[in-house]
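The sequence and the model come first.

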Amino acid sequence: MKENANQRLCEECERPLFGRTDKKFCSDACRNSYNNRVNADATNFVRNVNNALRKNRRILVDFKNGEGTKVHRDHLLRAGFDFDFHTNTRETKAGEMFYYCYDLGYQVLADGEVLLVAKPED
């Protein structure tokens with residue numbers, strides 16, 4: 001059987017395509033596989049950042065036992081907290097900086113203590 005030189009092939013598995021002229025993949029599985037492979041680097045980066053943020057939030061939940069809880073910075077670090085990852089910041093009128101992991105936050109105090117807080121209602 002002679003193959004058609006103009007035959008379109010699936011971009012993932014290279015099987016012949018039938019149907020619409022703008023079709024790129026033979027199945028949803030091939031489309032998903034192709035996109036997962038192409039976007040793997042960006043996906044891994046986002047996944048790692050999200051994992052760090054969720055871990056930080058879990059640690060804040062574990063240490064927070066009421067409004068105004070203070071914990072030493074070293075305790076958070078030993079638990080695996082990464083001060084480089086937070087979702088947003090808020091500066092008060094007095095110039096105090098608060099860092100948040102979603103709905104829970106903290107303020108780093110001068111004496112190595114960290115004040116744990118809940119995000120204020122908007």
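## Fold, rings and selected residues

Y34 has a relative accessible area of 22% and is partly exposed. The model discussed here is a predicted one.

**Overall form.** The protein chain contains three helices and five strands, and their order along the sequence is α-α-β-α-β-β-β-β. The radius of gyration is 25 Å, well over the 14 Å that the globule rule gives for 122 residues, so the protein chain is more spread out than a compact globule. Along the principal axes, the box filled by the C-alpha atoms is roughly 80 × 30 × 20 Å. Of the 122 residues in the protein chain, 23% are buried. The accessible surface of the protein chain is about 8,900 Å², and carbon and sulfur atoms account for 48% of that surface. When contacts between residues at least 6 apart in sequence are taken, 37% of them join residues at least 24 apart.

**Aromatic pairs.** How many aromatic pairs does the structure hold? There are five aromatic pairs. One of them joins F25 and Y34: the ring centres are 5.1 Å apart and the planes stand at 50°, so this pair is tilted. F25 has a relative accessibility of 14% and counts as buried, whereas Y34, at 22%, is partly exposed. The aromatic pair of Y99 and Y106 is stacked, with 5.6 Å from centre to centre and 25° between the planes. Y106 is buried at 1% relative accessibility, while Y99 is partly exposed with a relative accessible area of 27%. Y99 and Y106 also belong to a cluster that ring pairs form with F81 and F83.

**Charges over rings.** F83, a member of that cluster, has the charged end of R73 over its ring, 4.4 Å from the ring centre.

**N56.** N56 is placed in helix α2, which covers residues 40-63. Is N56 buried or exposed? Its relative accessible area is 1%, so N56 is buried. Two backbone oxygens lie by its side chain: that of D82 is reached at 2.7 Å, and that of F85 lies 2.9 Å from a polar side-chain atom of N56. D82 and F85 are also among the residues that N56 touches beyond four places in sequence, together with G80, F81 and C101. F81 is in turn part of the ring cluster with F83, Y99 and Y106.

**T69.** Strand β1 (residues 69-72) includes T69. T69 counts as buried, with 10% relative accessibility. Its side chain and that of N65 are joined by a polar contact of 2.9 Å. Leaving out residues up to four places away in sequence, T69 touches F63, K64, V114, L115 and L116.

**C26.** The segment before α1 (28-38) holds C26, which is partly exposed at 27% relative accessibility. With residues up to four places away in sequence left out, C26 touches C10, C13, R15 and L17. The C-alpha atoms of C26 and L9 are separated by 8.1 Å, and these two residues are 17 residues apart along the chain.

**Positive phi.** Most residues other than glycine have a negative phi. E14 has a phi near 65°, which is positive in a residue other than glycine. E14 lies in the segment before α1 and counts as exposed, at 58% relative accessibility. Y102 is not a glycine either, yet its phi is positive at about 60°. Where is Y102 placed? Y102 is in the loop between β3 (97-101) and β4 (104-108), and its relative accessibility of 35% makes it partly exposed.

The table sets out the accessibility of several of these residues.

| Residue | Relative accessibility | Class |
|---|---|---|
| F25 | 14% | buried |
| Y106 | 1% | buried |
| N56 | 1% | buried |
| T69 | 10% | buried |
| C26 | 27% | partly exposed |
| Y102 | 35% | partly exposed |
| E14 | 58% | exposed |

Terms used: Residues are numbered from 1 along each chain as its sequence is written. This is a predicted model: local features need pLDDT of at least 70, side-chain atom pairs count only at pLDDT 80 or more; totals for chains, interfaces and linings use all residues. Side-chain values use heavy atoms; hydrogens and water are left out. Rings of Phe, Tyr and Trp (its six-membered ring) pair if their centres lie within 6.5 Å; planes under 30 degrees apart count as stacked, over 60 as edge-to-face and the rest as tilted. Buried means under 20% relative accessible area, exposed over 50%, partly exposed in between (1.4 Å probe, protein chains only). A charge sits over a ring if NZ of Lys or CZ of Arg is within 6 Å of the ring centre and within 35 degrees of the ring normal. Helices (H or I, at least four residues) and strands (E, at least two) are DSSP runs, numbered from the N terminus. The radius of gyration is taken over C-alpha atoms; the globule rule is 2.2 Å times the number of residues to the power 0.38. Contact means heavy atoms within 4.5 Å. Accessible areas come from the Shrake-Rupley method with a 1.4 Å probe; for residues, only the protein chains shown count as cover. A polar contact is a pair of N or O atoms within 3.5 Å; within protein, one must be able to donate a hydrogen and the other to accept it, and residues adjacent in sequence count only if both atoms are side-chain atoms.
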